[in-house]
Amino acid sequence: MLNIDAPTTQASLPFDRLIPALNDAFASGCEVPLRHNHAVATTPGTPGDCGTLLLMPAWSVSSGYMGVKTVCVYPGNNRRKLPGLYSTYILYSVETGRPLALIDGNEITSRRTAAASALAASFLSRKDARTMLVLGAGRVASLLPYAYRSVREIERVGIWDIDAAQAQCLADRLRADGFDAHVVSGLDAKTCAVDVISAATLSTEPLIRREYLGPGTHVDLIGGFTPAMRETDDACFAGTSVFVDTEEAASKAGDLLSPIARGVLARTDIRSDLAGLCRAGHPGRRSAEEITVFKAVGTALEDLAAAAMCFEAVANH
């Protein structure tokens with residue numbers, strides 16, 4: 001069994017190849033059981049220190065692969081100066097169950113998340129999109145401008161984060177790589193006057209409000225994955241075109257559960273999932289003025305596609 005470390009995983013998953021690979025995976029489909037989601041109480045009586053254990057299996061007979069990702073999410077790690085997420089991926093032969101590779105799950109997760117975000121934006125953002133606001137400055141957020149640059153000619157990037165120093169570090173890195181990047185100190189209609197807003201935070205309070213959004217904006221929500229997490233207010237789903245990565249999003253994401261419960265959004269109002277977009281079952285954005293909202297919670301299909309791509313790159317090297 002190959003043991004593929006983080007630098008090798010990263011090098012094996014360039015966005016210009018990973019995004020088309022995800023498109024093909026969504027178009028062809030695979031078996032994806034519902035993920036296991038378990039709360040882990042580390043300190044009795046202190047809910048803020050609870051962790052989350054996710055188990056995400058998937059397999060595809062046509063591709064020949066099967067895999068499972070384990071993810072540990074600990075928001076309280078920020079106080080410990082540790083990453084909030086750790087994960088591992090084990091890839092198997094679907095025919096025999098033979099283990100093929102142990103792959104760095106952090107790189108799999110972050111790169112496929114950013115790639116899926118950009119894949120959705122290739123259908124939902126305006127083709128002339130040039131400006132972007134990123135909420136968050138962590139591992140996934142830091143990759144978003146690079147992923148988006150594979151599908152749109154992104155030039156100007158604003159960075160907002162609760163940690164201003166971390167936001168500045170990301171802005172500096174982006175400028176070194178050719179982006180016109182700057183730190184945004186607050187969120188309002190002026191700072192959100194961009195073509196794309198992409199949120200990759202672990203927030204439990206709305207950050208983006210409907211009154212901040214102008215015509216033609218694409219809103220990308222990829223941080224929250226539990227009922228308690230929120231990156232937008234309910235009004236962001238009123239009179240906008242709503243899309244999801246999978247049907248699971250409407251059952252697990254606080255950003256969708258709240259407006260659905262309050263009658264702001266009906267499940268039938270959701271235009272399409274990502275598979276429908278990749279299979280040309282829905283055209284995506286229909287007009288330049290349309291406000292599109294994409295809510296993702298992640299799917300093991302993306303992990304499997306990325307892991308298979310990584311394994312083949314290393315095994316055939």
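Select β3 (51–60), β4 (65–73), α3 (105–124) and α4 (139–148): each supplies at least two residues of the lining of the largest pocket. Helices (H or I, at least four residues) and strands (E, at least two) are DSSP runs, numbered from the N terminus. The model is predicted: local features need pLDDT of at least 70 and side-chain atom pairs count only at pLDDT 80 or more, while totals for chains, interfaces and linings use all residues. Residues are numbered from 1 along each chain as its sequence is written, and side-chain values use heavy atoms, with hydrogens and water left out.

Stay with α3, which gives the largest share of the pocket lining, seven residues. The volume of this pocket is about 1,200 Å³. Of its 47 lining residues, G84, G138, A200, T201 and L202 are the closest to the centre. By class, the lining holds 23 nonpolar, 15 polar and nine charged residues. Ala, Val, Leu, Ile, Met, Phe, Trp, Tyr, Cys and Pro count as nonpolar, Asp, Glu, Lys and Arg as charged, and the others, Gly among them, as polar.

Next, select V32, P33, R35, M56, P57, E248, G298, T299 and A300, which line the largest cavity. About 40 Å³ of space lies in this cavity, and the whole structure has one cavity of 30 Å³ or more. Its lining has five nonpolar, two polar and two charged residues. On a 1 Å grid over the protein atoms alone, a cavity is a set of points where a 1.4 Å probe fits but cannot get out, and a pocket is an open set with protein on both sides within 12 Å along at least five of seven lines; lining residues have an atom within 4 Å of a point. Points are joined across faces, edges and corners, and a volume is the space filled by probe spheres set on them.

Now select L135, I159 and I208, which touch the most other members of the 98-residue largest nonpolar core. Helix α9 (residues 300–315) gives the most to this core, ten residues. Such a core is a set of buried Ala, Val, Leu, Ile, Met, Phe, Trp, Tyr and Cys residues joined through side-chain atoms within 4.5 Å; buried means under 20% relative accessible area, exposed over 50%, partly exposed in between (1.4 Å probe, protein chains only).

Move to S93 in strand β5 (residues 85–93). S93 counts as buried because its relative accessibility is 13%.

Finish at helix α7 (residues 254–261), where G254, D255, L256 and P259 are buried. Just after α7, G263 takes a positive phi of about 80°.
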